[in-house]
Amino acid sequence: MHCYALQAATSHHLGQNFSKMFDISFEDPDSQEREFAYQNSWGITTRSLGIIVMVHGDNKGLVLPPRIAHVQVWCVLCFPLFCDLCYFASSY
């Protein structure tokens, strides 16, 4: 049995660095003083799409479950046409 781990999404505590840089502040209701906001960054990137392909794909293609792909599509290749073109290209 193999166990794998993938980092799909990330979260970062940015502190007050960007709020000070871009002057993002609020007035504290208790002290009535201006304070800079604490910020977080939550990211889901194209890495998540790659993980979906890795989990639901194999050498025969990609099969997505209905919760992800509501419309199922079949792609059928016409191999005789491609084989003739490959033969033509390889003869030079």
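**Figure 1. Three helices and six strands make up the secondary structure of the protein chain.** The model shown here and in the views that follow is predicted. Read along the sequence, the elements of the protein chain follow the pattern β-α-β-β-β-α-β-β-α. The protein chain has 92 residues, of which 10% count as buried. Among contacts in the protein chain with a separation of 6 or more, 40% are made by residues 24 or more positions apart.

**Figure 2. Serine 19 is shown in helix H1, which spans residues 17-21.** The relative accessibility of serine 19 is 0%, and the residue therefore counts as buried. Its side chain reaches the backbone oxygen of glutamine 16 at a distance of 3.0 Å. When neighbours within four places in sequence are left aside, serine 19 is in contact with Ile24, Phe36, Ala37 and Gln39.

**Figure 3. One aromatic pair is present in the structure.** The pair is formed by phenylalanine 18 and phenylalanine 22, whose ring centres are 6.5 Å apart. The planes of the two rings lie at 10°, so the pair is classed as stacked. Stacked is the term for planes under 30 degrees apart. Phenylalanine 18 has a relative accessibility of 37% and counts as partly exposed. Phenylalanine 22, with a relative accessibility of 56%, counts as exposed; the cut-off for that class is over 50%.

**Figure 4. Aspartate 23 occupies the loop between H1 and S2.** Its phi is positive, at about 55°, although aspartate 23 is not a glycine. Most residues other than glycine have a negative phi. The relative accessible area of aspartate 23 is 47%, so the residue is partly exposed.

**Figure 5. The loop between strand S2 (25-27) and strand S3 (34-36) contains serine 31.** The side chain of serine 31 is joined to that of aspartate 28 by a polar contact of 3.3 Å. With a relative accessibility of 34%, serine 31 counts as partly exposed. Glutamine 32 is also found in the loop between S2 and S3. Phi of glutamine 32 is near 60°, a positive value in a residue other than glycine.

**Figure 6. Arginine 47 is viewed in helix H2.** Arginine 47 touches Gln7 and Ala8, not counting residues up to four places away in sequence. Arginine 47 and leucine 6 are separated by 41 residues in sequence, while their C-alpha atoms are 9.4 Å apart in space. The relative accessible area of arginine 47 is 44%, and the residue is therefore partly exposed.

**Figure 7. Valine 53 is placed in helix H2, which covers residues 46-56.** Valine 53 has a relative accessible area of 44% and is partly exposed.

**Figure 8. The largest pocket has a volume of about 340 Å³.** Rolling a probe the size of a water molecule over the atoms shows where empty space is left. The residues lining the largest pocket include Asp58, Lys60, Gly61, Leu62, Val63 and Leu64. Also in the lining of the largest pocket are Ala69, Val71, Gln72, Val73, Trp74 and Cys75. By class, this lining has eight nonpolar, two polar and two charged residues.

Terms used
Residues numbered from 1 in each chain as written. Predicted model: local features only at pLDDT ≥ 70, side-chain atom pairs only at ≥ 80, totals over all residues. Heavy atoms only, no water. 1 Å grid on protein atoms, 1.4 Å probe; cavity = no way out; pocket = protein on both sides within 12 Å on 5 of 7 lines; lining within 4 Å. Points joined across faces, edges and corners; volume = space filled by probe spheres on them. Nonpolar A, V, L, I, M, F, W, Y, C, P; charged D, E, K, R; others polar. Helix = DSSP H or I, 4+ residues; strand = E, 2+ residues; numbered from the N terminus. Buried < 20%, exposed > 50% of the residue type's maximum accessible area, 1.4 Å probe, protein only. Polar contact = N/O pair within 3.5 Å; in protein donor to acceptor, adjacent residues only side chain to side chain. Contact = heavy atoms within 4.5 Å. Phe/Tyr/Trp six-rings, centres within 6.5 Å; stacked < 30°, edge-to-face > 60°.
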